[in-house]
Amino acid sequence: MSHLPIRKFLKREKFTIIFGLIIFFYILGVHLIFDIEKKKSIYISFLYLFLFFMYICFLYFESNKEYIEETYLINKRDYKKIYEIKASPLSKALYEEIKENKVYRDKEEKKREDVKNYLTIWTHQIKSPIFALKLLLKKDEINRIDCENEIFEIEEYVGNILGYARMNIDSTDYVFGKYDLDDIIRSVIRKYSIQFIGKNNSVDFSETKKVILTDAKWFSFLLEQIISNSIKYTENGKILIYLKDNELVVEDNGIGIMPEDLPRIFDAGYTGYNGRLEKKSTGLGLNLTKNIGKSLRITLRCESEANVGTKIYINLKNILS
């Protein structure tokens with residue numbers, strides 16, 4: 001076990017020692033100033049010196065005890081305890097620094113865990129369209145539309161993972177500008193036109209005649225995730241897109257969401273009862289839209305009723321130009 005070096009102790013207590021020695025020589029020479037016998041003066045001086053030496057020894061042992069305890073706690077990395085024992089500016093700064101580092105490490109650990117969970121779900125889910133495509137290609141008569149649908153689904157999964165990766169880097173490439181909201185919506189509808197036809201869904205788009213201040217690429221990505229979800233859970237139905245009180249609404253008359261699942265639909269990896277039943281949901285798309293929305297100053301909310309339909313509200317109040 002390490003001990004407090006004597007040289008370090010003497011350096012730290014040098015003013016106390018110097019002051020004590022000054023008093024010793026003062027007492028030693030007091031017979032020259034006052035009418036006191038020289039022998040008595042020497043006796044008092046050395047008695048004081050002995051007592052002063054005992055005080056310095058006591059001071060060293062106390063300091064050494066603190067030093068050993070502090071060293072032990074440092075080795076254990078118990079910086080909070082060090083701060084409680086000795087609230088010096090250095091120990092306080094050390095404790096605050098360690099506390100900040102712990103918060104940062106915990107944050108990074110959570111981020112790594114989130115990435116791991118996301119990749120686990122994503123890897124499991126992308127196998128479905130790949131497997132389906134392999135089966136379609138083994139048939140004597142290849143159905144081109146079915147193959148294109150599976151390829152489109154694979155492309156969507158790839159787009160999701162790329163979007164997720166870009167969301168988790170510090171240099172996310174946001175380029176804000178003024179864009180026609182109707183143009184963005186039309187481009188997304190065109191992208192999903194085959195999916196609308198494949199599920200026999202009609203789309204009713206009411207023009208908003210609004211201009212928004214946003215990043216067109218990321219806003220389109222957000223809207224694609226929402227419309228894609230509506231298509232997945234709606235068949236032989238209708239999807240409506242319209243503006244209501246500064247909120248863009250994507251409404252469908254699909255299978256809807258169970259009441260107990262509704263509060264958690266934006267959580268990462270949460271698929272809900274209908275998502276598990278249909279085996280179509282990764283539980284990642286809506287979580288991604290929520291995170292993108294934060295960056296674009298957009299909030300999302302959902303209203304749904306099982307077997308009736310779902311409405312996703314995209315609040316545009318902060319970005320309407």
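How many aromatic pairs does the count come to? In this predicted model, the count comes to nine aromatic pairs.

## Aromatic pairs

Take F152 and Y192. Their ring centres lie 5.2 Å apart, with the planes at 80°. An angle over 60 degrees counts as edge-to-face, so this pair is edge-to-face.

Are F152 and Y192 buried or exposed? The cut-off for buried is under 20% relative accessible area. F152 has 14%, so it is buried. Y192 has 1%, so Y192 is buried too.

## Cluster and charge

Y174, F176, W218 and F221 make up one aromatic cluster. Elsewhere, a charge meets a ring: the charged end of R301 sits over the ring of Y313. The distance to the ring centre is 3.8 Å.

## Nonpolar cores

The largest nonpolar core has 47 residues. Which of them touch the most other members? They are F219, L223, I226, I227, L248 and I314. Helix α10 (residues 216–232) supplies the largest share of this core, with nine residues. In soluble globular proteins, nonpolar side chains tend to be buried together.

What does L223 contact, beyond its neighbours within four places in sequence? The partners are I185, V188, L248, V250 and I314. Another core lies apart from the largest one. This other core has ten residues, including Y48, F52, I56 and Y60.

Conventions
Residues are numbered from 1 along each chain as its sequence is written. This is a predicted model: local features need pLDDT of at least 70, side-chain atom pairs count only at pLDDT 80 or more; totals for chains, interfaces and linings use all residues. Side-chain values use heavy atoms; hydrogens and water are left out. A nonpolar core is a set of buried Ala, Val, Leu, Ile, Met, Phe, Trp, Tyr and Cys residues joined through side-chain atoms within 4.5 Å. Buried means under 20% relative accessible area, exposed over 50%, partly exposed in between (1.4 Å probe, protein chains only). Helices (H or I, at least four residues) and strands (E, at least two) are DSSP runs, numbered from the N terminus. Contact means heavy atoms within 4.5 Å. Rings of Phe, Tyr and Trp (its six-membered ring) pair if their centres lie within 6.5 Å; planes under 30 degrees apart count as stacked, over 60 as edge-to-face and the rest as tilted. A charge sits over a ring if NZ of Lys or CZ of Arg is within 6 Å of the ring centre and within 35 degrees of the ring normal.
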